[in-house]
Amino acid sequence: MKKSISVVCAVILMMTFTACGKGDVKTEINKRYQNLESYTASVRVTVTGNKGAETYQISQSWRAPEQYRAEVVSPERLRGTVSVINGKAMWFRSADAPAMQMERGMAESQTDYLFLPDFLAEYYGQEPLPELEVNEEGLVMLSAARRGSSQYRFNQTLWIDAKSKLPAKLVTWDADGNEILRVEYEDFVPNAKLEDTVFLP
């Protein structure tokens, strides 16, 4: 009888610790990403279309509320290509050409996919927030609701490492469930100190 009671107590304790652990992870993730002010990251971006997949290495910088910078590191033919969004202004510069100013409307479709804060704004705008799920690889999954207009709807899911609390990958699917974009984070620095010059053309 005592052995049975001990086993039951052990199971209850394990359940308690597991529940606390999950709650701690959720609290820590929410605290970090709801209060994110800036970040820098080296990302591997895979774009999948009708002609197959192509991968790019990109350096990202972001600062709240609306400052974005993306610079292509590879492939070599695109190395040095830079796009910058600074509030209502947007610039684009290829490796061998001067910066060209563009309309802000053209930037919005780009930021919906590539930059983490756009996903986070959508995710934390959901009520109630979806339950966090942890897979066998120790990654916590955050899924946003369907996004975009009726013609261009898409889904996004972010995976965060449960131990480091750093993002692992952000995947975008089209309305038919086909993966169209994968952003894999290789070096992510939250709340990085960024100079104003980073967001100039």
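Two strands are taken as paired if DSSP finds at least two bridges between them, and strands (E, at least two residues) and helices (H or I, at least four residues) are DSSP runs numbered from the N terminus. This is a predicted model, in which local features need pLDDT of at least 70 and side-chain atom pairs count only at pLDDT 80 or more, while totals for chains, interfaces and linings use all residues. Residues are numbered from 1 along each chain as its sequence is written, and side-chain values use heavy atoms, with hydrogens and water left out.

**The sheet**
- Eleven strands form an open, antiparallel sheet in the order β6-β5-β4-β3-β2-β1-β11-β10-β9-β8-β7.
- Because β6 (100–102) and β7 (133–134) stand at the edges with a single partner strand each, one side of each has no neighbour in the sheet.

**Strand pairs**
- β10 (residues 167–174) runs antiparallel to β11 and is joined to β11 by five bridges, with K169 standing opposite E184 in β11.
- In the hairpin of β10 and β11, four residues lie between the strands, and G177 takes a positive phi near 90°.
- β11 (residues 179–190) is also joined by nine bridges to the antiparallel β1 (residues 38–49), where V43 stands opposite Y185.
- β2 (residues 52–63) and β3 (residues 67–74) pair in the antiparallel sense over seven bridges, and A70 in β3 is the bridge partner of Q60.

**The loop residue L129**
- L129 lies in the loop between α3 (116–124) and β7, and its C-alpha atom is separated by 9.1 Å from that of A144, 15 residues apart along the chain.
- Leaving aside neighbours within four places in sequence, L129 is in contact (heavy atoms within 4.5 Å) with Y123 and Y124.
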